[in-house]
Amino acid sequence: MAASMKFVFGNARDVFCRKLDSLENNHDWKEIFQSVCGSEAEKKLAADQALRDSMKDVVMRADDCEEYKKVILHSIEMAKEDLCSVIMPFVLLSDIFDLITLSQCEIVFYLVEEKLPVWKTPLFYDSGKNYLLRMCNDLLRRLSKSQNTVFCGRIQLFLSRLFPLSEKSALNLMSQFNLENVTVFSTKSEEVKPKSHDISDDVMEVEEGEMEDLTGSTPVDYNLYRRFWALQDYFRKPTQCYDKVPWKAFQQNADVVLNAFASAKLDDMKSSRRKLDLPRPADTRAFFAKYLTSEKLLDLQLNDSNFRRYVLVQFLILFQYLNSQVKFKSASQNLSDEQNQWIKTIQDKVYQLIRETPPDGEQFCKIVQHILAREEHWNKWKNDGCPDFARKPVAEDTKIKSRAKRRWVGDDLQAHGGKIIKMGSAELTRLWNINPDNMEACKAEKRVFLPSLEDFFAEAMEQADPEAKVEEQYKMVNNPVFQWKSLRLLARQSPHFFGQHHTPAMPLPQYLELMLNKIAQELPSTGSNGDVAPEGNNEEMKTEVGDDEAIKESQEVEDEELKAQAEEAGREEIPEDILSKDQIELVAEKLGEDWKRLGTELNFPEDDMSYFETENNEQVACAKKMLTIWQENEGDRATAGTLKIALKEVGLTEVIDAVFGST
């Protein structure tokens, strides 16, 4: 308590500040710390404030990165000797990066990289890893990925070296995509004209030998330009390939682009990699984090081997994701057999194009295959929950305790010679050992509960005899419960149940009486003494319905009546005609701007209709595309009647009258 009373915060801070501002680099900080009056916690608090004040003074006094590093190094030394807070070096780094320019940040960050072994020590790692992560993320938000590409890469490499591989905060566990990386390109439907031989002064400079190759290149039209850059949206968001409409567009665009690559093959003279042997300025370093999508550059890009490899590798990465088993994929994100076959064909074609792209196409192809194979292992590791790579060593002193042998049911059986099995309870043992074979016990006669046909239908046969004089309403064949039980028993035991083809056209009581007649014919008749009578004396059971021929005649009459009713119904029984292409075109022309109202009625989502607008500039083309896809999806249900109903629901009766006529 006495030491605390002598402590003056301002005086202690000034002592530390004077030592930090002095020109001497070597200080005995422990001696200085002990010379200040106060408790340990109070002196640490004063030292922390002195470090921050000293850093502020250095920033305001001069823009010298070496002075910044000097204060940070002092804070590290003091933290190691427990003379200030452990987090103080990280707080100073965060402060200095917030106050200085990006060019100075790049210089100071070298100190952060050099002190990586210090940050990974137990003293600093647990308390400072979150500060370093937050500091690096703040820097990345300030930097431009296209202009500060190297600095961004240094920060990412530093984080990968700082955190272990099993650190889940740096992993994309949910398999999310960078949806903000949108590639913008021209949407004007103008033909991209080839470059002429007359080159003005303001044309982009190219190296010697390039223009001779480009003058003979094939003109690139807008269709190829649009399809080529539209593929980047699928590379940005591969999950849309699981939807039917975007998949068709991706399939068409991929076929067109790969066919263009295959038709315009590169040789060593056209490859830009060929020119790497030429002398270049030492300070020339160009990095491009985004594609240049100008129409004028497309023919140059198609003749660049590096650019072509970028696009082909993007195809392979997309195909690997679509076919891989990702833990967080939904159940609906699956490809059909037809889609898998197409991907396999296109994948082989992409690998062949990579092999044909100079220079060293075969070697580059093997490297890409090796990288994608390693990526499969990483994907499996993430699906397994990212287990730790380091195995914990087994202590030599610990002895593995022998576990008691687990007893199985067969052990008791062998111990008793197979005669009895003890189940642990007297009643369970008795029940288990009633029969040595459980399957045979289930097949025993006393387990059969179904009655025979003769026993079940005995009373019904007696009622069907006219001599019994049983009224129709009291017969068992009219009882719904008896009818249900009869059908189930006939399906299990009688072959006649599957021999009747006109069962739906016959009333159920009449059908059961027919079955009773056939069953009675198969049963042997018995005499008064119980002996079986000869076959010649067997008489058919008399029924009120009559014989089979009479029943067949009644069925034929009913069939004729049904046909007559169908003919009288006329067009109501005739299925509606499938829509023709001419009708679809007429409807599309009449719809105009109202095609979205019809699309909503036909259950098209907003994303699909927005896709139709991007693919087609005219309203008629959008409506025709929508109706064609609707007809393909619905199949036989896409009839003129269905379309009329949808048009009527949205109030477009004038389109119905103009295309199909007034109804």
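Buried means under 20% relative accessible area, exposed over 50%, and partly exposed in between, using a 1.4 Å probe and protein chains only. Keep that handy for the exercises below.

The model is predicted, so local features need pLDDT of at least 70 and side-chain atom pairs count only at pLDDT 80 or more, while totals for chains, interfaces and linings use all residues. Residues are numbered from 1 along each chain as its sequence is written, and side-chain values use heavy atoms, with hydrogens and water left out.

**Exercise 1. Work out whether N253 is buried or exposed, and list what it touches.**

Step 1: find the residue. N253 sits in helix α13, residues 244-263; helices here are DSSP runs of H or I with at least four residues, strands are runs of E with at least two, and both are numbered from the N terminus.

Step 2: apply the cut-off. N253 has 2% relative accessibility, so it counts as buried.

Step 3: list the contacts (heavy atoms within 4.5 Å). Leaving aside residues up to four places away in sequence, N253 touches R227, A230, L231 and Y234.

**Exercise 2. Describe how α6 packs on α9.**

Step 1: get the geometry. Axes are lines fitted to C-alpha atoms, for helices over the stretch in contact, and angles run from 0 to 180 degrees between N-to-C directions. The axes of α6 (residues 88-99) and α9 (residues 122-142) come within 9 Å and cross at roughly 10 degrees.

Step 2: name the arrangement. That angle makes α6 roughly parallel to α9; the classes are roughly parallel under 35 degrees, roughly antiparallel over 145, roughly perpendicular from 65 to 115, and oblique for the rest.

Step 3: look at the side of each helix in contact. The α6 residues include F90, L93 and F97, and among those they meet in α9 are F124, Y131 and M135.
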